[in-house]
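Me: I would like to learn how to read this structure feature by feature. Could you walk me through it?

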Amino acid sequence: TYWMAPTAVGAGDGSSSGNAANYLDASFWNGIQSLLQVTNVNVNFANGNYNAGTLNLNDMGNPVHRLTLQAVNPDGPVFSTTGNNIVGITGSQNIKFDGIVFTGPCSSWGVICQPDYLNPCRNLEFSNCQFINLTNAYYGAIGLANGPRDILVSSCTFSNLTDNNGNHQHMIYASHDVVDLVVTNCLFQDCLADYIR
């Protein structure tokens, strides 16, 4: 188990809550990827505003060992950015997000899942998360693009996606060869386009 925060704390190596790593620390994420080859890994996100930039998870994960990104306190970590996407997931697998809030003025997606060439995103889970007040997101809250496999969205809240170009701003965009998307026990409200496309 490791810890992350909006900015590094203490030694910043993620070894404890008092030494939490910066959530954008590339060397930390490289270390997590190495550990996933031999064991499951839990990363705890401390309370706070994670708004220094997009969290990119490129070719992360292992088919056997799960990476869980979880809130220490439900809804305590709040992710936002003024850039295109809050979280970008490319060619990654076997990752669970739990108890995280995605909000703010991102201009494209809250979370975008897309392939790395022939490697699609697969076995991703979003549980107990909030996708709220994404009022500038041109496309939507969650984008599942070009072949994602085995996606679960469970007990999440989607609220107030109201970009002015709302005819294509969806809460979950699941087009272009998506296989096995399950959405269960979620709340959808205030969306100008489709709840699930």
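Me: Which residue in S6 does Val41 stand opposite?

Reply: Val41 stands opposite Leu67 in S6. Keep in mind that we are reading a predicted model. This position belongs to the pairing of S3 with S6, where 5 bridges join the two strands and the direction is parallel.

Me: With which strand does S6 pair over 4 bridges?

Reply: That partner is S9, again in the parallel sense. Here Gln70 is the residue opposite Asp98 in S9.

Me: Is S6 largely enclosed or largely open?

Reply: Count the buried residues: in S6 they make up 4 of the 5, so the strand is largely enclosed by the rest of the structure. As a general idea for any regular strand, side chains alternate between the two faces of the sheet.

Me: Now the open sheet of 5 strands: what is its order?

Reply: The order runs S5-S8-S11-S14-S17, and the pairing is parallel. S5 (55-58) and S17 (170-174) are the edge strands; each has a single partner strand, so one side of each lacks a neighbour in the sheet. On average, neighbouring strands here are turned by 5° against each other, direction ignored.

Me: How many bridges pair S5 with S8?

Reply: There are 4 bridges, in the parallel sense, between S5 and S8 (residues 85-90). As an example, Asn58 has Thr90 in S8 as its bridge partner.

Me: On to the rings. What describes a pair of aromatic rings?

Reply: Two quantities do: the distance of the centres and the angle of the planes. This structure holds 18 aromatic pairs. Take Phe45 and Phe79: their ring centres are 5.4 Å apart and the planes stand at 75°, so this pair is edge-to-face. Phe45 belongs to strand S3 (residues 41-45) and Phe79 to strand S7 (residues 77-79), so their pairing ties together parts 34 residues apart in sequence.

Me: Are Phe45 and Phe79 buried or exposed?

Reply: Phe45 is buried, its relative accessible area being 1%, and Phe79 is buried at 2%.

Me: How do the planes of Trp109 and Tyr139 lie, stacked or edge-to-face?

Reply: They are stacked, with 5.3 Å from centre to centre and 20° between the planes. Trp109 sits in strand S11 (residues 109-114), while Tyr139 is in the loop between S13 (130-132) and S14 (140-144), so parts 30 residues apart in sequence are tied together. Trp109 counts as buried at 12% relative accessibility, whereas Tyr139 is partly exposed at 37%.

Me: Which residues do ring pairs link into a cluster?

Reply: The cluster consists of Tyr23, Phe45, Tyr50, Phe79, Phe97, Phe102, Phe126, Phe131, Phe158, Phe188 and Tyr195.

Me: How many salt bridges does the count give?

Reply: The count is 3 salt bridges. One of them joins the side chains of Glu125 and Arg66, at 3.1 Å from N to O. Glu125 is in strand S12 (residues 122-127) and Arg66 in the loop between S5 and S6 (67-71), so to speak distant parts of the chain, 59 residues apart. At 14% relative accessibility, Glu125 counts as buried.

Me: Which other partner does Glu125 meet in a salt bridge?

Reply: Glu125 also meets Lys96, at 3.8 Å from N to O. Lys96 lies in strand S9 (residues 93-98), 29 residues apart from Glu125. Asp98 and Lys96 form a salt bridge as well, at 3.9 Å.

Me: Where is Thr162 found?

Reply: Thr162 is in the loop between strand S16 (157-161) and S17, and at 28% relative accessibility it counts as partly exposed. Its C-alpha atom is separated by 4.9 Å from that of Thr135, which is 27 residues apart along the chain. Leaving aside neighbours within four places in sequence, Thr162 is in contact with Leu134, Thr135, Gln169, Asp190 and Leu192.

Definitions and conventions:
Residues are numbered from 1 along each chain as its sequence is written. This is a predicted model: local features need pLDDT of at least 70, side-chain atom pairs count only at pLDDT 80 or more; totals for chains, interfaces and linings use all residues. Side-chain values use heavy atoms; hydrogens and water are left out. Two strands pair if DSSP finds at least two bridges between them. Axes are lines fitted to C-alpha atoms, for helices over the stretch in contact, and angles run from 0 to 180 degrees between N-to-C directions. Rings of Phe, Tyr and Trp (its six-membered ring) pair if their centres lie within 6.5 Å; planes under 30 degrees apart count as stacked, over 60 as edge-to-face and the rest as tilted. Buried means under 20% relative accessible area, exposed over 50%, partly exposed in between (1.4 Å probe, protein chains only). A salt bridge is a side-chain nitrogen of Lys or Arg within 4 Å of a carboxyl oxygen of Asp or Glu. Contact means heavy atoms within 4.5 Å.
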